[in-house]
Amino acid sequence: MAAIELRNVTKKFATADGGTYTAIKDLSLTVEEGQFCAVVGPTGCGKSTTLTLVSGLERPSRGEALVHGEPVRGIDIETGFVFQQDAVFPWRSVLDNVAAGPVYRGAGRSEATRLARDWLRRVGLSGFEDRYPHQLSGGMRKRVALAQSLINQPRVLLMDEPFSALDVQTRAIMSTELLQLWDQTKPAVVFVTHDLEEAIALADKVVVITAGPGTVKAEFEIDLPRPRVVQEIRFQPAFTRIYEQVWEALRAEVAEAYARTTRVAELAS
Amino acid sequence: MTDLHTPVTPSAHPAPLGTPPDEVQPAEAKSGMAAARRRRVVMAGLRVGIVAVLLVTWQLCVNAKLVDPFFWGEPSGVWASLRDWVTIGTPQGSLGDQILVTLEEAVLGFAVGSVLGVVCGIALGRVRLLAELFGPFLKAANSIPRIILGSIFTVAFGFGIQSKVILAVVLVFFGVFFNAFQGAREVDRNLIANARLLGASRWRVTRDVVLPSAFTWILASLHISFGFALIGALVGEILGANRGLGLLIRSSQNNFDMNGVLAGMVLVAVIALTAEALITLLERRLLRWRPPQTHGGAAVE
Ligand SMILES: Nc1ncnc2c1ncn2[C@@H]1O[C@H](COP(=O)(O)OP(=O)(O)O)[C@@H](O)[C@H]1O
Ligand SMILES: [Mg+2]
C-alpha cells in the first residue's frame, strides 16, 4: 500500500470577485513507503496546495487524498509538515518549541524535554536550548522546525520549499543533513521546491507539475546511489544527464508561467 | 471622555515620551553606554529645569497680580494644601486612606475589566458564531457615552466602592476587549496550522498560540486602560461618595479651593505615572521573546 496517494484531485478556491480559481486539476500522485519524492514546478502552479490536501489542512474539491490507504479527513497528526515561512513559535524557547509535539501528544514534561534535547543534538543545536527563535539565524530556525517535526517520528513528512529562504551554501549543507535525518526514520517525503538541482540531489522520484492549474506533467526516477552528498553530487555525469531530461520537461512550464505573469503585467500597464 | 471605537494598534502606542527611539543595544561598546547614561542624566536635569521655570513663572505672575489665584491657584498654595493633607489630614480623614480607597477601586476595576475583556475578546475572536451573535450588541454598547452610566451606578449601588469599581470595569472592558479581539483575529495562520499538526487541541491552540500572539495587542490597550480605571474611580467618587481622592477634589471645588483641586490632580498624576511604569515593566517581561527593535515601537509584523 502506498504511503500517500492523490487520486485525480482538483482544488478550487473562491476568488474575491465571486468566481472560482482552479489551483490544481486532476492531479494524481503516489508516494511509496519510505520514498523521497520531490515536486517541482513554476511558482503558483499549486505545489503548496497539493501539500495542504495531503496534510488535511484543506479538502479537495474533487478526487481523493489517501494516506496509508485511508482517506484524509481533517488534520492528521501522524503527518509532519515543515512550512515555507517560519512557523516555529516566536514566544517559546528553542527547547520548548521542539518539545511541543510530544507534550501535545500526551508525553510527560520531563520525557518531552529529554526527547527534545536528543533531537536538538541530532540537528546540531545543542547549547541553543534557551534561545528564542529571533536570536537564531535563518538556517538554525529551519533546524528547529525540522526537529520540531521529526521528533514526532511522522510516517509522512511534507516539506514546502523549506530551504528557499537560505543562502546557497547553507541550503546544500542543510540538504545533506536532511538526508541523514531522513535515513534514521525513513518516512515517506513530499518535498516541494522550485529548485531542480535540489530536487534531483535529494529525491528518489521527481514530479514535474504544469503551470497552473497544476497537474502532473512527468515523473522521473532518480537512481543516483545513496548516501548522497548534496554539495558534490552535481559533478557526477549521471546527475547532469538526469538534469537535462527533467529540465526538458520543466522548461516549457516555467516559460509558460513567466509569459503569463508578464502578460498580466502588460495588461495592467 | 474618549470612546474607543477602534482598537489601539500596538504600533500606534507611542514610545514613552522622552525615551530616545532605539537606544543603542547591549552589543555597543562601554563608552557608548556611558554616553547614553550621561545623556539621560542631562535630559532629566533639563526636564526638572523646565518644570521649575514654569512653576516659578506662575508664582511670579500671581505675586505680580497678573493671575488671580482664586480661579487658577498658585504653586505655593498647592504645596501648602499637600503639606496640610499629609501632616494634619484631610477633612475626610487621613490622606493615605483617601489614596488607598481610590487605588483599590481603580485596581479592582482594572483587573476585572481587563480579565473580562481578554476572555471575551479571545473567545469572540476564536469562535466565529459568537462574534456574529454578539458583535452588534458590543458595537452598540461601545457607542454609548459610558461615563453617563456612573450616575446610574451611583444610584443603584450606593456611595460605597462598588459603584466606582463597576464604572471602572465598564470603562476598561471595551478597550481591552476590542484589542484582544483584533489580536486573536490577526494570528499568523501558519502558526495555528503548525500547532494543530503538532497535535494541539483547539483549547491548547487558543492558550499556546492565540493568547501569546494577541498579547502584543492586549498590552498596548492595558497602558491606556489603567488611565480609564482611574477616571472611572474618580468620576464615581465625584458623583457620590464618602471617601476617596475624587471626593477630596469635589469638596475642594465646592469650597472654591483651587489649590486643593490642583493638589488632588498632582496626586492622581503620580498614581497614573507609577501604574504606567509598572505596566511597562510587565510588558518588557512578557514580551521578552520579541526582537529588541520591535520593543514598544515598530509594528507586529
Ligand atoms: N486560500 C486560497 N485562496 C485563493 N487562492 C489561493 C489560495 N491558496 C492558493 N491560491 C492560489 O492557487 C494558486 C496555487 O497556489 P500555491 O499552491 O501556493 O502555488 P505554489 O506553492 O506552487 O507557488 C495560486 O495562484 C494562488 O494564488
Ligand atoms: Mg508555495
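Modeller: Accessible areas here are computed by the Shrake-Rupley method with a 1.4 Å probe, and for residues only the protein chains shown count as cover. The model is predicted, so local features need pLDDT of at least 70 and side-chain atom pairs pLDDT 80 or more, while totals for chains, interfaces and linings use all residues. Residues are numbered from 1 along each chain as its sequence is written, chains are lettered from A and ligands numbered from 1 in the order written, and side-chain values use heavy atoms, without hydrogens and water.

Colleague: What accessible surface does chain B have, and what share belongs to carbon and sulfur atoms?

Modeller: The accessible surface of chain B amounts to about 16,400 Å². The share that belongs to carbon and sulfur atoms is 69%.

Colleague: How many helices does chain B have?

Modeller: Helices are DSSP runs of H or I with at least four residues, and strands are runs of E with at least two, numbered from the N terminus. Chain B has zero strands, and along the sequence its pattern reads α-α-α-α-α-α-α-α-α-α-α. The number of helices in chain B is eleven.

Colleague: What percentage of the residues of chain B count as buried?

Modeller: Chain B has 301 residues. A residue is buried if its relative accessible area is under 20%. The part of chain B that counts as buried is 42%.

Colleague: Which three residues of chain B supply 38% of the area that chain B buries against chain A?

Modeller: In chain B, 20 residues are in contact (heavy atoms within 4.5 Å) with 24 residues of chain A. The buried area, meaning the accessible area that two parts lose on being put together, summed over both, is about 2,000 Å² between these chains, with 66% from carbon and sulfur atoms. The share of 38%, more than any other three residues give, comes from B:L197, B:L198 and B:W289.

Colleague: Which element gives the largest share of the shell around ligand 1?

Modeller: The residues around ligand 1 (a heavy atom within 4 Å) include A:F13, A:A23, A:K47 and A:S48. In chain A, β2 (20-31) and α1 (47-55) each supply at least two residues of this shell. The largest share, three residues, comes from α1(A).

Colleague: How much of the accessible area of ligand 1 does the protein cover?

Modeller: Oxygen atoms of ligand 1 lie 2.5 Å from a polar side-chain atom of A:T49, 3.1 Å from a backbone N or O atom of A:G46 and 3.4 Å from a side-chain N or O atom of A:Y21. Of the 560 Å² that ligand 1 has on its own, the protein covers 62%.

Terms used: Polar contact = N/O pair within 3.5 Å; in protein donor to acceptor, adjacent residues only side chain to side chain. Buried < 20%, exposed > 50% of the residue type's maximum accessible area, 1.4 Å probe, protein only. Buried area = accessible area lost by both parts, 1.4 Å probe.
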